[in-house]
Amino acid sequence: MGSFTSFAVFLYSAIALIVPSGFSVGAILLSLGSFTLVNKRIRSTLSREDRLLIAVLVIYFVVTVAMHLFHHESLKEYDLPLRFLLAAMALLLLRAYPPSPASFWSGLILGGIGSGLFAGWQYFSHNLRATGYTNAIQYGDISFIIGILCLTGLTWALQQRAVRIWLPLLIVGGVMGLLGSLFTGSRGSWVGLPACLLILCVYYSRSIQPRYVWGGLAALIAAIVLVFTVLPSSDYRARVTLAFSEAMTYMHKKDADTSIGTRMEMWRTGAMAAAESPWLGMGKAGFVAWESKQIEAGKVNPLMSGNNHVYNEWLDALVKRGIPGLLVLLALYFVPLRLFIAHLKSASEQARPYAVGGILLIVNFIGFGFSQVFMAHNSGVMSLGFTMVILWGLLRGQEEAN
């Protein structure tokens with residue numbers, strides 16, 4: 001089964017963005033593989049932290065489903081929280097049969113290169129923002145995560161005999177993943193970049209001479225600036241400049257007929273809805289109905305008609321599922337984050353790349369959530385839930401192997 005989990009983990013990242021619903025293939029294999037554990041006793045192999053992480057995933061599922069039932073949501077709304085239950089099942093398999101590190105890193109390398117090439121082809125051949133098989137924001141965010149995770153593997157590469165092969169491949173995978181995000185023009189993907197670079201520099205300074213760390217950081221920033229400069233002015237640079245202009249226009253004229261203006265109007269609308277029903281929320285359908293009444297009353301811009309989320313992860317959870325929904329979302333972020341931070345301090349050199357990878361994953365999801373309800377999409381739910389358990393499974397597997 002170790003070969004099976006390694007293959008599933010490899011596929012999870014390798015084809016995530018270049019095949020329709022590619023991120024689901026490896027995840028489904030891991031979930032299905034967990035059924036082989038029916039007759040296997042694994043409770044004794046689970047640590048208190050393993051159980052805590054599984055509990056967070058299961059509680060998120062249970063609370064979200066309970067709130068959906070309370071608000072009489074349609075059946076399709078139950079699909080997304082179910083993915084976290086499947087991720088908990090996958091974690092059981094990953095703890096029983098840890099995948100090989102090489103399968104994880106090679107999958108990320110191919111995923112990053114594939115993402116960059118595919119997005120570049122869409123961008124230059126069609127002169128449009130790259131969207132892949134999803135949408136520009138989801139593609140850009142996931143590609144960014146793949147790129148950043150590739151860069152966490154450099155210390156792992158330095159420990160390998162084939163360091164001259166792994167090190168450049170991981171760098172190429174990281175750069176191509178970031179380029180794939182850049183080609184989408186998705187501005188929210190880059191919110192967490194300063195925090196990511198700071199975390200990586202602090203992490204690498206422990207095992208690599210500081211001059212190489214800061215030199216590499218300078219080279220990466222220079223490469224991003226160069227690409228940013230040479231891209232056609234009609235795309236990324238213009239979109240960043242436009243974001244500031246649209247924000248100022250909304251604050252002065254309440255113009256919601258722009259990308260940023262829409263978000264700011266929906267943030268205001270979400271705050272109104274949350275203040276009206278903070279304890280149990282309104283549910284998705286209930287929020288849409290309430291929004292329509294506010295539009296009729298002239299309290300919300302008519303352009304918001306039909307919008308079923310508020311462009312902010314935390315506020316959206318509060319609006320639809322109330323305080324219970326917000327609390328389990330916070331737990332989903334901060335309990336795993338605390339676990340990864342704790343292990344970064346105590347883990348062996350072989351295990352640390354997975355701890356820092358987990359930290360970066362969650363930091364990025366928190367950043368994405370400021371301007372996008374990432375968890376309202378299948379790709380977003382899968383990317384958080386399954387990437388988290390894969391990193392945790394590798395972290396614990398390496399700790400036990402050393």
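This is a predicted model: local features need pLDDT of at least 70, side-chain atom pairs count only at pLDDT 80 or more; totals for chains, interfaces and linings use all residues.
The axes of α1 (residues 2-14) and α2 come within 7 Å and cross at roughly 160°. Angles over 145 degrees count as roughly antiparallel, so α1 is roughly antiparallel to α2. Helix α2 spans residues 22-33 and includes Ile-28. Together with Leu-32 and Phe-35, Ile-28 makes a nonpolar surface patch of about 320 Å². Ile-28 counts as partly exposed because its relative accessibility is 45%.

Charged side chains give a second theme. Side chains of opposite charge can pair when their charged atoms come close. The structure holds ten salt bridges. In one of them, Asp-50 meets Arg-396 at 3.3 Å, N to O. Asp-50 lies in helix α3 (residues 48-70) and Arg-396 in helix α16 (residues 378-401), so this pair ties together parts 346 residues apart in sequence. Asp-50 is buried, at 0% relative accessible area, and Arg-396 is buried as well, at 10%.

Arg-396 also meets Glu-399 in a salt bridge of 3.1 Å, N to O. Both residues lie in α16, three residues apart, or about one turn of the helix. A network of salt bridges links Asp-50, Arg-95, Arg-396, Glu-399 and Glu-400.

Elsewhere, Glu-77 forms a salt bridge with Lys-284, with 3.1 Å between the closest N and O atoms. Glu-77 lies in the loop between α3 and α4, and Lys-284 in helix α13, so the pair ties together parts 207 residues apart in sequence. Glu-77 counts as buried at 13% relative accessibility, whereas Lys-284, at 22%, counts as partly exposed.

Methods:
Residues are numbered from 1 along each chain as its sequence is written. Side-chain values use heavy atoms; hydrogens and water are left out. Patches are made of residues with over 30% relative accessible area and no salt bridge: like charges are joined within 9 Å, nonpolar side chains (Val, Leu, Ile, Met, Phe, Trp, Tyr) within 5 Å. Accessible areas come from the Shrake-Rupley method with a 1.4 Å probe; for residues, only the protein chains shown count as cover. A salt bridge is a side-chain nitrogen of Lys or Arg within 4 Å of a carboxyl oxygen of Asp or Glu. Helices (H or I, at least four residues) and strands (E, at least two) are DSSP runs, numbered from the N terminus. Buried means under 20% relative accessible area, exposed over 50%, partly exposed in between (1.4 Å probe, protein chains only). Axes are lines fitted to C-alpha atoms, for helices over the stretch in contact, and angles run from 0 to 180 degrees between N-to-C directions. Angles under 35 degrees count as roughly parallel, over 145 as roughly antiparallel, 65 to 115 as roughly perpendicular and the rest as oblique.
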